[in-house]
Amino acid sequence: MLSFITLAISTMLYQNPQAPVEERVEDLLGRMTLEEKVGQMNQCVGVEHFRSNMGTLTEEDLLTNTAQAFYPGLVPEDLLKLTREGKIGSFLHVLTVEEANQLQREAMKSRLAIPIIFGIDAIHGNANAPDNTVYPTNIGLACSFDTDMAHKIARQTAREMRAMNMHWTFNPNVEVARDPRWGRCGETFGEDPLLVTRMGVEQVKGYQGNLDSENDVLACVKHFVGGSQPENGTNGAPFDCSERTIREVFFPPFKAGVDAGALSLMTSHNEVNGVPAHTDPWLMTDVLRGEWGFKGFVVSDWYDIEHVHDLHRTAENNKEAFYQSVMAGMDMHMHGPEFTDAVVELVREGRIPESRIDESVRRILRVKFALGLFENPYADEKTTMDVRLCDEHRNTALEAARNSIVLLKNDGLLPLKRGRYKKILVTGINADDENILGDWSAQQKRENVSTVLDGLRAADPSAEFVFVDQGWDPRNMDRAKVNEAARAAADADLCVVVAGEYMMRYRWADRTCGEDTDRSDIDLVGLQNELIRRVAASGKPTLLVLINGRPLGVEWAAENLPAIIEAWEPGMTGGRAIAEIIYGDVNPSAKLAITIPRSVGQTRMIYNHKPSMYFHPVVVTPSTPLYPFGHGLSYNTYEYSNLRLSEKTIGTDGSTVVSVDVTNRGKRDGVEIVQLYIHDCYAQTTRPVKELKDFRRVALAPGETRTVEFTVGPDQLRYLDRKMNPIVEPGDFTIMAGPSSEDDKLLKTTLTVE
C-alpha cells in the first residue's frame, strides 16, 4: 500500500518540474483542504526562537514586543506538529541552516509535501544571522549614490541566504525618511523619493534575479505606507497626510519596486489617515493591485493584524481583525497559529469566500514554485560556509563601506600624515565595539569585525594609540572614564572621539537607535558631548567620528572641531574603511542621503520643502540645516562650470540634454557625485524649491575635466495637477547642477516648456 501511495504522489502534476508553473499551482490548489490553504497564508517564528523566549517573556510582553515571541499555550513540539500537518506556510526568525533544514524535513512529512518559505530580515547582508557578511546599512549605502553597488550587495546577500536555506528577505525598505527622531532612518535610503526609488529598484532586481535559479530570493518592498513620517516620531504612530504628498513622496518607490518585479510587499504598522494600513483596501487592493498591477503577495508585519484589535481598535477581536485584513487584500499573516483556525471559521461561516483564500494561496505557491523549493527544499550544510563570508563578499563590504562614509567637515586636519602624530588618543563608546555592524546585526565572531581602533592600529603601526574605553552604553557612561580621557588628551598629539548611538539587538532594551528605538531629541546621549568638549579642551587637534543610524544634531562639534566624519553603520569592515579615509588611503566621496538638522526643533528639515517653509525664519537660531542633503567633502576640490542645455525651449513631450563640466582641481584621484535638481517656477499647486531628478558618480583624475550629461524630459518635469492627474505644464523650469542641494553651490539655468 505504501509503495502505491508513493507512486501516486510522484505522478502528481504539481510535482513535475517540467510542467508550467500555473498548471502546477492549479493542480496543487485543487488537492488542498481549506485548512491547508489557510496554513499557507500563515507564518510562525522558528522553533529555536520560540524555545528561547517561552521562559523569558510573558503574555503581556507580547503586546508591545516586536522582536521576540512565543505562543502561549503551545510548546515547540506543537509547531513541529502543525508543520507536519501542512498548516504553516512560512517561518521567520530561523537563524541557522540546520534548523531551516530540520523544519523543511518536517514539512516534507505533510500530506502534500509543500515546502516552507523561510523569511528573514536580511537588511544589509544576511546580518541578522551569525557568520554572514555584514555590509553597510541602507542609509550609508544610499550616501554612496551607487545603484550598481546596491544591486551587487543584494545579489551577494541572496547567495548567502540560499546557502542557509533562506528564501525571502524583508528588504528593501523603501520608506522615505522624513523624521530624524524615528529610529529606523538607518534602515532606509534617506529622504529623497528618487534616490530611494533607484536604490530600492536595484535591490529588488539584485535579490530576485529572474526568480529562476538557486541563487535568487524573494524581495519584499516595505512598509506600505507612511511609517517614516510618524506623527510623533515613534515607530507605528499615526500617519496623517494629504493624498498629494502620499502620491508624490511616498508612493513612487513602492510603485517602482512593483514595476521592477517585486513579488512581495509588507504593509506598515501605522494607520494611514485613520485607517490601519493592514486593513486598508485602498492601499492593498485599489492602488497596489488595481492601479499598479501588483502580482505578488502582501504580508503583514509583526502581529500588526492583531494590533488592529488591541491598538488601533477598529476590530472588536482578533477574528474580526483577520476578517478585515484578508478582505482588504492581505495574503500572509505574520505571525502565530491563531490566524489559521479563525480564518477557517470565517470561511465556513460564509463571511470570507473560499475563492478569496484561493487568490492568496495562488500568489504564495507561485513564488514557491518559481524559487524551486519543491525540487530543492534543503541547503547543503557541508558547503554553506563556502559561500558565506567568502573573500569576494568581504571585499564588496569593504568597498561599500569606503564609499558610504561622509566627510562632513575638514579644516585641513585630514588626511593624517603617517608619523606626524606619535601619540593618538582614541576614545568614545563606538571606538572598539561591534556596534559598528549596525542595526539588524547578530553578534559576529570578533575576528570578523573591524572596529575603529582596529583600523587605526593597522593603518599606522608607527603611532602609539592610547585607548580609553568608555564602555558601549551611552546611557550609563562613567564620569571617571571621561575624566581619564581628558587627562589622556592633554598628553596626546591627536585625539579621535568615536561617538554616536547604540544599535545592537541582543541588548534590545539598551539601544538608542534602530527599530522601535525612537527619540524625543537628536542630541548625543549621555556624557558624550561632555567627553567631546573635555577632550577638545586639551587644545590638541580632535577628530569626531560618528557611528549611528539617524541624523544627530552635533552643532557644538560642527562649530568647534576641525574635522567630523559621519560613518553611519558601516558594517563588519567599517573600522578599516574609516581608518583608510582618515589616513588618506581612500579619498572620501559619499554625500548625505538625508539632511542633518541642528536640533530636533528643526523637524521636518528636508531639502525639497515648499517655498513658504521659511518665509518667516525662526528667531535666535538659524533656519538652515547643520548639513544639507547631498553634502559631502573630498580631499579634492571639484569645480563646476558651463551649465548648458541642448534645447532651451521644448514642448510638453520633448526633452533636452543638460550638460555641465566638472573639473578635479585636487591632487588625488577621486569620485564626485554630480546632482541635478529642477524647480517648476510656477504651477497649479505649490512645488518644492528643488527636487533631485538625476545623479551621477564621476571618477576624475587630478586636473581632469569631464562633461556630465543628463536628459530632462516628461519624466523629470511631470507632476500631479489639482485633480491628481499627471501633467507636464508649460512654463519655466530652473535647472540646477552641483555638488549638493545647497543653493549657493548650484549652477542654474532656465528651461522653457511651451
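Six cavities of 30 Å³ or more turn up when the whole structure is searched; a cavity is a set of points on a 1 Å grid over the protein atoms alone where a 1.4 Å probe fits but cannot get out. The biggest of them, the largest cavity, holds about 120 Å³, volume being the space filled by probe spheres set on the points. Keep in mind that this is a predicted model, where local features need pLDDT of at least 70, side-chain atom pairs count only at pLDDT 80 or more, and totals for linings use all residues. Residues are numbered from 1 along each chain, and side-chain values use heavy atoms, without hydrogens or water.

**Largest cavity**
- Its lining (residues with an atom within 4 Å of a point) has 15 residues, and D121, D301, M334, W440 and E515 are the closest to the centre.

**Largest pocket**
- A pocket is an open set with protein on both sides within 12 Å along at least five of seven lines, and the largest one has a volume of about 1,300 Å³.
- Of its 40 lining residues, R247, E248, V249, P252 and K693 sit nearest the centre.
- Helix 11 gives the largest share of that lining, ten residues; helices here are DSSP runs of H or I with at least four residues.

**Second largest pocket**
- This one has about 480 Å³ of space.
- It has 19 lining residues, with H49, Q68, L95, N128 and R505 nearest its centre.
- Helix 4 (residues 47-53) brings the largest share, four residues.

**R289**
- R289 belongs to helix 12 (residues 281-291).
- With a relative accessible area of 16%, R289 counts as buried (under 20%, 1.4 Å probe, protein chains only).

Key. Helix = DSSP H or I, 4+ residues; strand = E, 2+ residues; numbered from the N terminus. Buried < 20%, exposed > 50% of the residue type's maximum accessible area, 1.4 Å probe, protein only.
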